[in-house]
Amino acid sequence: MTTNLTKSFDVEQPIDLVWATLTDPPQIVDCVPGASLTEQVDADNYKGYVGLKFGPVKAGYDGLVTFVERDAVNKKMALKGMGIDSKGKGNAEMLMNATLTEVNGMTHVEATMDISITGMLAQFGARLINDVSNQVFDQFVNNFKKKLATAGIESGEAPAESTAEESKSGIGGFIKKLF
Amino acid sequence: MTQQCKTSKAIGGMGHSIKRKEDVRFVQGKGNYVDDIKLDGMLYMDIVRSPYAYAKIKKIDAEAALKIPGVVAVVTGKDLEQYNLHWMPTLMSDTQMVLPTDTVMYQAQEVAAVIATSRYAARDGREAVRVDYEPMKPVIDPFKALDPDAPVLRTDKPGKTDNHIWHWEVGDKAKTEEVFANAEVVVKEQMHIPRIHVASIETCGCVADYDKVNNHLTMYMTTQAPHAIRTVIALVAGHVGLTEEKVRVVAPDIGGGFGGKVPVYPGYVIAIAVSFLVGKPVKWIEDRSENLQADSFARDYHITAEMAGTKEGKILATRFKVLADHGYTDASANPSKFPTGMFSIATGSYDYHTAYMEADAIYTNKPPGGVAYRCSFRVTEAVHAIERMTDRFALEIGKDPAQLRFENFIKKEDFPWPSPTGWIYDSGDYEAGLRKAMDAIGYDELRKEQAEKRANGELMGIGISTFTEVVGAGPSKDFDILGIKMFDSAEIRVHPTGKAIARFGTKSQGQGHETTYAQIIAEELGIPAENIQVEEGDTDTAPYGLGTYASRSTPTAGAAAAIAARKLRDKARKIAAYLLEVSEDDLEWEPGKFFVKGAPEKAKTIQELVFAAYTNHPQGMEAGFEATHYYDPPNLTFPSGAYICVVDIDKETGGINVRRFVAIDDCGNIINPMIVQGQVHGGLTQGIAPAMYESLVYDEAGNILNGTFMDYLVPTAVESPNWETGHVITPSPHHPIGAKGVGESPTVGAPPAIANAIVDALSPYGITHLDIPITPYKVWKALKEKGAI
């Protein structure tokens, strides 16, 4: 199943800093809930892991993140992620496009995300995926803004596994109770 | 039209509502199902399944699984390949993987089996097996499966260049085209009869018990057709030494089959293979999701339906074009001559002589099947098409759908009636049925009420379905499964004290055979039904038969029971003549005894005659009191029904309330009215299911989106309306006891009655058709599109 998200947000930081952070895998992965980098393959390809919980289903994706586009002049980027669940429950694909524009010394970010999910997660989590993806995206934006606000300060915290039900809706918890 | 009982209540022959003998154990929790079987040293199997609809298997890594305490083996397709057991035939002579060696073809397909000393360890092992896949783009939309650029799925078949399985057609194409070209009125709808699942209470499973010393396999399994399965096992595994005399299949109590327990699933074969290799019993029991996602589905017919007629409302011709989505292999259970089963019954209950039907079956990346659900033979699809189109035609010309039906019915004096597609309908009185249903529901008043409600903008609908069924497969000249003719059998042994055991080639899954077969024998032989023990399901003891599905047991094995009992009654007459010292012609039968004509005090009871067969039989007569009969029906039976449904629809929410549902069935002579009523209630509930709730939904990647009971909606008592039932009886003229079979009818007849009622409610807004399941959302959306809300 596929889901598409479109988000825009403003960051009170100069565009060059935002661009540099957004195109630096170790920094950006730090902002994705439940994600970690395991290996840099080359300049454009990175291996990583994302742990997610969709209601009753826990998925852990070993994946490859690829920069398809990093246009520093036009401040456009495209990031492709492909992950396979470590227990064979299915796979996930994500294509993120982001465009940065400068507005009064601040940065405006337009982002779209196409997510496609196959396997157990698609079966059980179909109706949750939109909500959870939205929420994960929001968390990412918050983390990203925080990171920029405290730019230069090293965050030693390990990425936590994101759980949908602990942070937001009761849906996940409700489903969990059913099982 | 009411049926008189010929036997006393003590004998309990036909027409008596005697309580089901099998319920004594079921209501006490003493049923014996496959999962109740526990054997010494038994191992447990669990199955790793594919998360993808279409993928290459790059690697199966069992290392972590094998480290789990209790896990003894992980079996893959490569392991089975060594014994040539990785492929098996389907009942339609297609082929199916037992376990894949390189490619998976649908989500939830079996990929590997984990064998362990406990069920828990097996499940833990399953979770630990790591499979690396390379996903491929699947074929999901059946309408795109034949596109030139669609990937060819069955590359295992040499020379296969597309996803087409077979083409079938029947009827007079040229004449049909001519009638349609000249017809005053032509109506047409595109409809989908969705993919659904039997969702029986008990899932599938088995215990395969191979005895190495004696080279003998006992297979306890959830099967509706144990004898056919034994033959299939011998055909698949004969080359490794499991020839048919070395195989015993036992079907113990079964918790619902509905066709879903006819096919051979890979799990059964893997369990046999593992037991064969390790010499220990192996148990496999599916969980609910596995059952729902991987076992044979039913239906999935896309039908382009057309009807031609006159402005006055005379039906002249019908034309149906079917696209059948069979998933990855054709695993239906149809007779080989009839790849669409009995779909050609789709000309319905109406008197016209021109029809043409064609069907094309295709492969997609979905689970295999096409079988099952209280009609494996596609009568449900056929009845839906014709009954929807009959209403559509009535709507087009502005005629009351009941009136239009009366004007088109085949008349009761016209039976036997040859249908334009080649069937010979045996008997029926369609007019009486519809009249009775209309009287029961108060049809004319309802139409008045509807007119008033419409004037107020309220949505109320009345739907009719007057269907003709075709069951009792079947005459051996036309019907076979894998070449085995579809007769069925009964063997009656009466013990010296006049009590009997009777065995059959069929297998009850809840139908109540232990009671109804006993009643048939009681009717013919006068031995009380309570003294007749019925046994089925053990191939070592029961006579060969093709099993229980598609309402075939009463028409075939029930007939065999009656004829075997009559053979015994003939013998009893000879013994009575000998004991009473009269000629056979001087004897008269009344249920339970022979007496001398004009001297009723000179009589011998059946019990005395049986005792004499063992103690004092005439010279030259074979001793004992046993008979067997293999019944090959001369024709199919054609039950029918007139169903009327009334719905109220909430315009704001689309919510549908089935206010009333009257079902008048004609299943011929009735063996046990209480059991028939139970069958009808169950069948009607399984009719409301696809009409309003059930459909297996796949996304474009082949993910099943409702693979659990959280999302796949099975109606419960809460959703079921109060079923109002009744009967018209036209006995089948060719069946020994005039019975026709009833299990399928309500499931076949109910969906169009409900769909017709809903469309009738919505018709003032220009809505002419909605595909089932008709959900509140679908209704709301249709009303919204038409600007009604």
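Which residue in β14(B) is the bridge partner of B:Tyr44? The partner is B:Lys283, and the strand that holds B:Lys283 spans residues 282-285 of chain B. The model described here is predicted. Chain B is divided into three parts: domain 1 (23-31 + 488-631), domain 2 (34-136 + 204-285) and domain 3 (297-473 + 635-785). The points below treat the strands, core, domains, chain contact and backbone in turn.

**Strand β14 of chain B and its partners**
- Strand β1 (residues 43-49) of chain B pairs with β14(B) in the parallel sense, over 3 bridges.
- Strand β11 (residues 205-211) of chain B runs antiparallel to β14(B), and 4 bridges join the two.

**Nonpolar core**
- The largest nonpolar core holds 293 residues, of which B:Met45, B:Val114, B:Ile521 and B:Ile758 touch the most other members.
- Leaving aside residues up to four places away in sequence, B:Ile521 touches B:Ile492, B:Ala500, B:Ala502, B:Ile527, B:Ile532, B:Ala561 and B:Ala565.

**Domains of chain B**
- The C-alpha centres of domain 1 and domain 2 of chain B lie 40 Å apart.
- Contact between these domains involves 15 residues of domain 1 and 18 residues of domain 2 of chain B.
- The side of domain 1 that touches domain 2 has 3 nonpolar, 9 polar and 3 charged residues.
- An unreviewed UniProt entry places the feature "domain: Aldehyde oxidase/xanthine dehydrogenase a/b hammerhead" at residues 28-137 of chain B.
- Over residues 28-137 of chain B, the chain is 17% helix and 37% strand, with 51 Å between the end C-alpha atoms.

**Contact between chains A and B**
- Each chain gives 12 residues to the contact between chain A and chain B.
- On the side of chain A, β6 (90-103), β7 (106-119) and α3 (120-149) each supply at least two residues.
- The largest share of that side, 4 residues, comes from α3(A).
- By class, the side of chain A that touches chain B has 4 nonpolar, 6 polar and 2 charged residues.

**Hairpins of chain A**
- Strand β4 (residues 57-71) and strand β5 (residues 76-85) of chain A pair in the antiparallel sense over 10 bridges, and A:Glu69 has A:Ala78 as its bridge partner.
- The hairpin of β4(A) and β5(A) has 4 residues between the strands, and A:Lys75 takes a positive phi near 55° there.
- β5(A) also pairs with β6(A) in the antiparallel sense, over 9 bridges, with A:Leu95 as the bridge partner of A:Lys80.
- The hairpin of β5(A) and β6(A) has 4 residues between the strands, and A:Gly88 in the turn has a positive phi of about 75°.

**Backbone features of chain B**
- Most residues other than glycine have a negative phi, and most peptide bonds are trans.
- The bond from B:Ala473 to B:Gly474 is cis, with omega near -20°; B:Gly474 lies in the loop between β20 (459-468) and β21 (480-481) of chain B.
- The bond from B:Ile772 to B:Pro773 is also cis, with omega near -5°; B:Pro773 is in the loop between α17 (745-762) and α18 (776-785) of chain B.
- B:Asp300 has a positive phi near 65° and lies in strand β15 (residues 298-309) of chain B.
- B:Asp300 counts as buried because it has 23 C-beta neighbours inside 10 Å.
- B:Leu482 has a positive phi of about 50° and lies in the loop between β21 and β22 (484-485) of chain B.
- B:Leu482 has 16 C-beta neighbours inside 10 Å, and therefore counts as partly exposed.

Definitions and conventions: Residues are numbered from 1 along each chain as its sequence is written. Chains are lettered from A and ligands numbered from 1 in the order in which they are written. This is a predicted model: local features need pLDDT of at least 70, side-chain atom pairs count only at pLDDT 80 or more; totals for chains, interfaces and linings use all residues. A nonpolar core is a set of buried Ala, Val, Leu, Ile, Met, Phe, Trp, Tyr and Cys residues joined through C-beta atoms within 7 Å. A residue is buried if 20 or more other C-beta atoms lie within 10 Å of its own, exposed if 12 or fewer, and partly exposed in between; C-beta atoms are placed from the backbone. Two residues are in contact if their C-beta atoms, placed from the backbone, lie within 7 Å. Two strands pair if DSSP finds at least two bridges between them. Ala, Val, Leu, Ile, Met, Phe, Trp, Tyr, Cys and Pro count as nonpolar, Asp, Glu, Lys and Arg as charged, and the others, Gly among them, as polar. Domain bounds come from an automatic or database domain assignment. UniProt positions are given in the numbering used here, feature names are shortened, and annotations may be inferred rather than shown by experiment.
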